[in-house]
Structure formats: structure tokens, C-alpha cells
Amino acid sequence: MAMIDTAHKAPFGAISIHRATAWFYSAAESFSTWRARQRTEAELLSLSRSQLDDIGIALGDVIQDQPTLLDRAIVWFRDRRDAARTAQMLESLPARHLEDIGLTEADVADLRRQARVL
């Protein structure tokens, strides 16, 4: 009985382009979120203490410790490391065990790709 190979390789450069566009999209989304937070904080700081009390917000709630770029980078690298460790453990399992937990070898390969640093 012949088997049909349904897995196709991605075109040359497609993965790199996908990673680059995903990175830019993520960066733009992070900047958008940061900018909205800055605008909201500026608006709240322009209110008087009595106005803040009226809406139930303390001044300390407005000024929060924002994670620095280094903090975010550390979290990003930890997430990648954890994904790589998980992928490594899953790769050591036989296909039937992966099937028992609802995963395929392709899912593990996707996790391994996500764990790679750009």
C-alpha cells in the first residue's frame, strides 16, 4: 500500500519573511499599547485629587511601575526557553503518546519553531 506525503515544504524565504512580519506586527502592537497607556496616564494625572476621588481612583493607582525594555526582553527570552524545553520533552515522546494527549508531531514542530529566536 502506497503512502501519500501531504507535507509540503514552505517556499524559500517564506519562514523568514513570516518571522520578520510577525516581529514588526508585535512591535507595532506593543508600541500602540504603550502609547495608549501613556495618554491615559497623562489624562488622569491632569485631574485634581478630588476628581480622581470622584471616579474612585487613587493617585498611586495612576502611577504604576511600568516594566522596562530589559524586563520585557527577559520575559520574552524566558518564554522562548520554556517553549524550547517543552518541545524537547514532547519530542522525546512516541507518536502514540502525543496522540493520547491530543498532539501531533507537527504540533511539536510548530512549538519548536516558535521557540527559536529570530
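Q: Which residues of H4 are buried, and what makes a residue count as buried here?
A: In H4 the buried residues are Ala83, Ala87 and Leu90. A residue is called buried when its relative accessible area is under 20%, exposed when it is over 50%, and partly exposed in between (1.4 Å probe, protein chains only). This is a predicted model, in which local features need pLDDT of at least 70 and side-chain atom pairs count only at pLDDT 80 or more, while totals for chains, interfaces and linings use all residues. Residues are numbered from 1 along each chain as its sequence is written, and side-chain values use heavy atoms, with hydrogens and water left out.

Q: What makes H4 a helix, and how do you know that its span agrees with its number of residues?
A: Helices are DSSP runs (H or I, at least four residues), strands are runs of E with at least two, and both are numbered from the N terminus. H4 has 23 residues.

Q: What do the buried residues of H4 pack against?
A: They pack against helix H5 (95-100) and H6. Contact here means heavy atoms within 4.5 Å. Take Leu90: leaving aside neighbours within four places in sequence, Leu90 is in contact with Leu98, Ile101, Leu103, Val108 and Leu111.

Q: Why is a group of residues called a nonpolar core, and which residues form the largest one?
A: The name applies to buried Ala, Val, Leu, Ile, Met, Phe, Trp, Tyr and Cys residues joined through side-chain atoms within 4.5 Å. The largest such core has seven residues: Ala83, Ala87, Leu90, Leu98, Val108, Leu111 and Ala115. Helix H4 (69-91) and helix H6 (105-115) are the elements that give two or more residues to this core. In soluble globular proteins, nonpolar side chains tend to be buried together.

Q: How do you know where the buried residues of H6 sit around its axis?
A: The buried residues of H6 are Val108, Leu111 and Ala115. They cover an arc of only 55° around the axis, which puts them on the same side of H6. The arc is taken from the directions from the helix axis to the C-beta atoms. H4 and H5 are among what covers these buried residues.

Q: Is Val108 buried or exposed, and what does Val108 touch?
A: Val108 is found in helix H6, and at 5% relative accessibility it falls under the limit for buried. Not counting residues up to four places away in sequence, Val108 touches Ala87, Leu90, Glu91 and Leu98. Val108 and Ala84 are 24 residues apart in sequence, with C-alpha atoms 10.0 Å apart.

Q: Is Glu105 buried or exposed?
A: Glu105 also lies in helix H6. Its relative accessible area is 54%, so Glu105 is exposed. Glu105 still touches Ala95 and Leu98, again not counting residues up to four places away in sequence. Ala95 is ten residues from Glu105 along the chain, and their C-alpha atoms are separated by 6.8 Å.

Q: Why does Arg85 count as it does on the accessibility scale?
A: Arg85, in helix H4, has 46% relative accessibility and therefore counts as partly exposed. The C-alpha atoms of Arg85 and Leu111 are separated by 10.0 Å, although the two residues are 26 apart along the chain.

Q: Why is the pair of Trp76 and Phe77 called what it is?
A: Rings of Phe, Tyr and Trp (its six-membered ring) pair if their centres lie within 6.5 Å; planes under 30 degrees apart count as stacked, over 60 as edge-to-face and the rest as tilted. The structure holds three aromatic pairs. One of them is Trp23 with Phe24, edge-to-face at 4.9 Å centre to centre and 75° between the planes. The rings of Trp76 and Phe77 have centres 4.9 Å apart and planes at 85°, so this pair is edge-to-face.

Q: How accessible are the residues of these two pairs?
A: Trp23 is partly exposed at 46%, whereas Phe24 is exposed at 55%. Trp76, at 26%, is partly exposed, and Phe77 is partly exposed at 45%.

Q: What does the protein come to as a whole?
A: The secondary structure has six helices and zero strands. Of the 118 residues, 9% count as buried. The protein exposes about 10100 Å², with 58% of it supplied by carbon and sulfur atoms; the areas come from the Shrake-Rupley method with a 1.4 Å probe, and for residues only the protein chains shown count as cover.

Methods
Expected span 1.5 Å × (residues − 1).
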